[in-house]
Amino acid sequence: MAKAATVLLAPGVWRIPLIGDFTNGFMLRDDDGQITLIDMGMAFSGAKVMAALRSVGSGPGDVTRLLLTHCHPDHAGGAARVSRETGVPVDIHSGDAEYVRDGTQPDVDRTSWIGRLFSRLPGPTNERLTIGEELADGQVVPFAGGIRVVHTPGHSPGHTSFLHEESGVLITGDAIFNVLGMRWSPRMLCSNFAMNQETAHRLGELEYRTAAFTHGPEIRDRGREAVRSFLRDKGR
Ligand SMILES: [Zn+2]
């Protein structure tokens, strides 16, 4: 059985380290025991997500929603197994829906030589996923006091960040990395790097205490200030 580790971010909100702290998923539990999972890592990480679920005393039957920040294989790859074992389809922003439905990937930014090179190679493919709901900007998913969908396109066309207002936890997704300090996602992984930098500024305008990243450890309590100072220093 895959080893399960979870990091408690707030009551009922956990980070699931899937490849150390380098790649994370998240788990939220409602008062009535329902579970929402956000991002499920690479294909091989699906087992770890299921183990994390059991480690907090819940099971596949408690999962009622699967949310994805975006379609890339290190976020959506593990969703195939989790979706199969829970019987729950995935919810993703409409801008990325076609990719998870078809198991394909959006083009990468061609303003870098490596992007031009990558765009000529066959892209990584995911197992095709069944979509439950296509998410839209500003929508509040009715779960655990509400999870707000914040469209932050650029890393991918439908990339979203998620704000859980009740616990004060923001899940940035790949809009901002926190690997050896806060930084932008590499240009070669973005569909539009300039747009990523521009839309990430939305994250400085929201209210939260903890900034949680899909890549890297969270910043507790002063999360909003840390994001704002990053945007001030590194934003265009
Ligand atoms: Zn990504």
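Me: Buried means under 20% relative accessible area, exposed over 50%, and partly exposed in between (1.4 Å probe, protein chains only). What makes β5 count as largely enclosed by the rest of the structure?

Reply: Four of the five residues of β5 are buried, so the rest of the structure largely encloses this strand. Strands are DSSP runs of E with at least two residues, helices are runs of H or I with at least four, and both are numbered from the N terminus. This is a predicted model, where local features need pLDDT of at least 70 and side-chain atom pairs pLDDT 80 or more, while totals for chains, interfaces and linings use all residues. Residues are numbered from 1 along each chain as its sequence is written, and side-chain values use heavy atoms, without hydrogens or water.

Me: Why are β4 and β5 called paired?

Reply: Two strands pair if DSSP finds at least two bridges between them. β4 and β5 have four bridges, in the parallel sense.

Me: What makes β1 and β7 edge strands?

Reply: The open sheet has seven strands in the order β1-β2-β3-β4-β5-β6-β7, with mixed pairing. β1 (7–10) and β7 (131–135) each have a single partner strand, so one side of each lacks a neighbour in the sheet. On average, neighbouring strands are turned by 25° against each other, direction ignored.

Me: Which strands does α3 lie across, and at what angle to β5 does it run?

Reply: α3 lies across β4, β5 and β6, at about 160° to β5. Axes are lines fitted to C-alpha atoms, for helices over the stretch in contact, and angles run from 0 to 180 degrees between N-to-C directions. α4 lies across β6 and β7, at about 130° to β6. In α3, the buried residues are Ala79, Ala80, Val82, Ser83 and Thr86. Their cover includes β4, α1, β5, α2 (73–76) and β6.

Me: Why is α1 described as largely enclosed?

Reply: Seven of its ten residues are buried, so the rest of the structure largely encloses α1 (residues 46–55). The seven are Gly46, Ala47, Val49, Met50, Ala51, Ala52 and Leu53. They pack against β2 (13–19), β3 (23–29), β4 (35–38), β5 (63–67) and α3 (79–86). Gly57, with a positive phi near 85°, follows the helix.

Me: What makes a set of residues a nonpolar core?

Reply: Its members are buried Ala, Val, Leu, Ile, Met, Phe, Trp, Tyr and Cys residues, joined through side-chain atoms within 4.5 Å. The largest such core has 28 residues; Met27, Leu37, Met40, Leu66, Leu68, Val100 and Leu129 have the most contacts inside it. β2, β4, α1, β5, α3, β6 (90–93) and α4 (94–102) each supply at least two residues. α1 gives the largest share, four residues. A second, separate core has 20 residues, including Val150, Leu203, Leu206 and Leu231.

Me: Which atoms coordinate the zinc ion, and what qualifies them as donors?

Reply: They are His70 (NE2), His72 (ND1), His155 (NE2) and Asp174 (OD), at 2.0 to 2.5 Å. Donors are N, O and S atoms within 2.8 Å of the metal (3.2 Å for Na, K and Ca), so these four qualify; water is not among the atoms, and sites may look incomplete.

Me: Why is the arrangement called irregular?

Reply: Four donors are tetrahedral if all angles lie between 85 and 135 degrees; four are square planar and six octahedral if opposite donors are over 155 degrees apart and all others between 65 and 115; anything else is irregular. The angles here span 84 to 174°, which makes the site irregular.

Me: What does the pair His155 and Asp174 tie together?

Reply: His155 lies in the loop between β9 (147–151) and β10 (160–164), and Asp174 in the loop between β11 (169–171) and β12 (177–178), so the pair ties together parts 19 residues apart in sequence. His155 is buried at 1% relative accessible area, and Asp174 is buried at 2%.

Methods
Contact means heavy atoms within 4.5 Å.
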